[in-house]
Amino acid sequence: MKINHPTFSARPATLVRALALAGVVVAASAGAVSAPSANTAFASLPMAFESSGPARFVARGNSCFLAIGPTTAELGLSKLTVEPADAVGPRGATSRVTRSISRSVTLHFLGANSEARVAGEGELPSRVNYFLGNDPAQWRVNQPLTSRVRVSGIYEGVDLIYYGNAQRLEYDFVLAPEADAKRIAFRVTGADSIQLNSRGDLVLKLGADEIAQPRPVIYQEIAGARKNVSGGYALRGRDTVAFEIGEYDHTRPLVIDPFLSYARYFGASGEDDARCVRVSRDGYVYIAGRTLSAVLPATSGAVQTNYGGGTRTGGDAFVAKFDLQSTNATPLFVTYLGGSTDDEAWGLALDDDGNAYVTGFTD
């Protein structure tokens, strides 16, 4: 799962990150950075967690949040859908209706210690400031951010560590020697259904969307080398998940490492929206949408390598292609599609030859 970074702007000596919460700004000291290099840097930033109260931490991103407590982890997601309406605009264009859809999924760790200690680790150089309302006494300034959150003793002999980067969120169960892995289980609320696919991935259905957690990596460190242990998810009824683990050395620590599935930062200095995503049979991901960024990494030989233009609410349509198997964040292909006013891609289809077909809106 990606805790997406919002749009960033680069200024001399300071990088400013505007969070998806009114009145919140995080500022990090840095040298002067141009927009393209700033966005490359942001793609590898660690996830930032902040304290939101006693034994509570939260990570915020663009249209999403993760809230962590001693025995729960809540993921909130929202998306905008753009649909044509019946009305016709002043230039003959069909008007558009934007709707926001919000869902949340919560993991409730069963039998967990409600008094478990929740603390941030790996303090980051950035700080968060809340200037909300007119009373300075109610403001919160210079609040620290951390790159990890540890829930110590969530079960006897078991710590739970949350961390991540711009690519994905991970949460590790770290078991001390002789700790009982069979005690670990969580109930999922907020999803329409949960299931295991043929690969052993845990799939949470939310309407037409899915959150996939690939089969966890389970291992022990022995003599400085990682030794993998067999195992995976196990469903207990309709909404409860546990772990089945093969033979391992109970006198040594054990790590169970699930992560939330594929996500990648893509965008530049303007506002960028992905309206549709398709995966080809050979494992490539195509996205299409709308961009107000004039510096997308449009590739040589693309249909349109330069930004055409638009109003402050529109821009150009774009199509981008990524390799799911590659750790390189650079897209394989990017093209603008647009003229001097507003253009957006609303639909995307692929054929067996890897050609992309796009429909949408143009002024």
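Reader: Which residue stands opposite isoleucine 222 in E18?
Author: Alanine 225 does. This is a predicted model.

Reader: What makes E17 and E18 count as paired strands?
Author: Pairing needs at least two bridges. E17 and E18 are joined by 4 bridges, so they meet the cut-off. The two strands run antiparallel.

Reader: What lies between E17 and E18 in their hairpin?
Author: The hairpin has 2 residues between the strands. Alanine 223 sits in this loop, with E17 covering 217-222 and E18 covering 225-228. Its phi is positive, near 55°, in a residue other than glycine.

Reader: Why is alanine 223 called exposed?
Author: Exposed means over 50% relative accessible area. Alanine 223 has 79% relative accessibility, so it counts as exposed.

Reader: Where is glutamate 178, and what is its phi?
Author: Glutamate 178 lies in the loop between strand E12 (169-175) and strand E13 (185-189). Its phi is near 70°, again a positive value in a residue other than glycine.

Reader: Is glutamate 178 buried or exposed, and how do you know?
Author: Its relative accessibility is 57%. The cut-off for exposed is over 50%. Glutamate 178 therefore counts as exposed.

Reader: Why is tryptophan 139 called partly exposed?
Author: The label covers values between the buried limit of 20% and the exposed limit of 50%. Tryptophan 139 has 33% relative accessibility, so it counts as partly exposed. This residue lies in the loop between strand E9 (117-130) and strand E10 (140-155).

Reader: Which residues make a nonpolar surface patch with Trp139?
Author: Phe131 and Val141 do. The patch has an area of about 270 Å². A patch residue needs over 30% relative accessible area, and tryptophan 139, at 33%, therefore passes that cut-off.

Reader: Which strands pair with E23, and how do you know?
Author: Strand E22 (residues 272-279) pairs with E23 over 7 bridges. Strand E24 (residues 316-323) pairs with E23 over 8 bridges. At least two bridges are needed, so both pairings count. Both are antiparallel.

Reader: Which residues stand opposite each other in these pairings?
Author: Aspartate 272 stands opposite threonine 291 in E23. Valine 285 has phenylalanine 322 in E24 as its bridge partner.

Reader: What is found in the hairpin of E22 and E23?
Author: There are 4 residues between the strands. Glycine 283 takes a positive phi there, near 90°.

Reader: Which residues touch the most other members of the largest nonpolar core?
Author: They are Phe49, Phe109, Tyr162, Phe173, Leu175 and Phe186. This core has 43 residues. Apart from it lies another core, of 8 residues, including Val285 and Phe322.

Reader: What does phenylalanine 109 contact?
Author: Leaving aside neighbours within four places in sequence, its contacts include Ile154, Leu160, Tyr162, Phe173 and Phe186. A contact needs heavy atoms within 4.5 Å.

Reader: How many helices and strands does the protein chain have?
Author: The chain has 1 helix and 27 strands. Of its 363 residues, 40% count as buried.

Reader: What share of contacts joins residues at least 24 apart?
Author: The share is 56%, among contacts between residues at least 6 apart in sequence.

How values were computed
Residues numbered from 1 in each chain as written. Predicted model: local features only at pLDDT ≥ 70, side-chain atom pairs only at ≥ 80, totals over all residues. Heavy atoms only, no water. Patch = residues over 30% accessible without salt bridge, like charges linked within 9 Å, V, L, I, M, F, W, Y side chains within 5 Å. Areas by Shrake-Rupley, 256 points an atom, 1.4 Å probe, with all protein chains shown as cover. Salt bridge = Lys/Arg side-chain N within 4 Å of Asp/Glu carboxyl O. Buried < 20%, exposed > 50% of the residue type's maximum accessible area, 1.4 Å probe, protein only. Core = buried A, V, L, I, M, F, W, Y, C linked by side-chain atoms within 4.5 Å.
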